[in-house]
Amino acid sequence: MGKSITQDMAYRQSLMKQTEKYGVSCASRKYNKSRSCICFWKARWDGSVESLACQSRRPHSHPRQHTQWELKLIRDMRRRNPSLGLIELWHHLKHRGCARPKACSL
């Protein structure tokens, strides 16, 4: 994503300036935004327009994701035993130490 200032960022910047000058309640009435929305952006705002950009909500990790060891084990088992069904593959992986319920999802 480029470093350009989007229309939303410029809008939030003017909202923050209004909030700084007249307060949250007045800005809430003028811009027809909830106080909680204004307080959310105010907490994130550091004076620059870049701080008002939308940020990704994607999680950084997943608690049940496979480890690298498990992924390698799954790949190796699939390569060595291409005719195994999912249940048989899961059973072999379980005996090898891969205890995930969805280990055969690859």
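A: A polar contact is a pair of N or O atoms within 3.5 Å; within protein, one atom must be able to donate a hydrogen and the other to accept it, and residues adjacent in sequence count only if both atoms are side-chain atoms. This is a predicted model, in which local features need pLDDT of at least 70 and side-chain atom pairs count only at pLDDT 80 or more, while totals for chains, interfaces and linings use all residues. Residues are numbered from 1 along each chain as its sequence is written, and side-chain values use heavy atoms, with hydrogens and water left out.

Q: What makes the approach of Ser-51 to Ser-48 a polar contact?
A: The side chain of Ser-51 reaches the backbone oxygen of Ser-48 at 2.7 Å, and the limit is 3.5 Å.

Q: Why is Ser-51 called buried?
A: Its relative accessible area is 11%, and buried means under 20%, with exposed over 50% and partly exposed in between (1.4 Å probe, protein chains only). Ser-51 therefore counts as buried. Ser-51 lies in the loop between helix 3 and helix 4 (68-80); helices (H or I, at least four residues) are DSSP runs, numbered from the N terminus.

Q: What does Ser-51 touch, not counting residues up to four places away in sequence?
A: Ser-51 touches Arg-44, Trp-45 and Asp-46, where contact means heavy atoms within 4.5 Å.

Q: What makes Thr-19 buried, and which backbone oxygen does its side chain meet?
A: Thr-19, in helix 1, has a relative accessible area of 5%, so Thr-19 is buried. A polar atom of its side chain lies 2.8 Å from the backbone oxygen of Leu-15. Leaving aside neighbours within four places in sequence, Thr-19 is in contact with Val-24, Ala-27, Ile-38 and Lys-42.

Q: Why does Val-24 count as buried?
A: Val-24 is at 13% relative accessibility, so Val-24 counts as buried. This residue is found in helix 2 (residues 24-31).

Q: How do helix 2 and helix 3 pack, and which residues make the contact?
A: The angle between helix 2 and helix 3 (residues 35-44) is about 115°, and their axes are 9 Å apart. Axes are lines fitted to C-alpha atoms, for helices over the stretch in contact, and angles run from 0 to 180 degrees between N-to-C directions. Helix 2 contributes Val-24, Ser-25, Ala-27 and Ser-28, and helix 3 contributes Arg-35, Ile-38, Cys-39 and Lys-42.

Q: How many aromatic pairs are there?
A: The count comes to 2. Rings of Phe, Tyr and Trp (its six-membered ring) pair if their centres lie within 6.5 Å; planes under 30 degrees apart count as stacked, over 60 as edge-to-face and the rest as tilted.

Q: Why is the pair of Tyr-11 and Tyr-31 called edge-to-face?
A: The ring centres are 5.5 Å apart and the planes are at 80°, so the pair of Tyr-11 and Tyr-31 is edge-to-face. Tyr-11 lies in helix 1 (residues 7-22) and Tyr-31 in helix 2, so the pair ties together parts that are 20 residues apart in sequence. Tyr-11 is partly exposed at 33% relative accessibility, whereas Tyr-31 is buried at 18%.

Q: What makes Phe-40 and Trp-41 an aromatic pair that is edge-to-face?
A: Phe-40 and Trp-41 are 5.1 Å apart centre to centre, with 80° between the planes. Phe-40 is partly exposed at 43%, and Trp-41 is buried at 10%.

Q: Why does Asn-32 count as exposed?
A: Asn-32 has 70% relative accessibility, so Asn-32 counts as exposed.

How values were computed
Helices (H or I, at least four residues) and strands (E, at least two) are DSSP runs, numbered from the N terminus.
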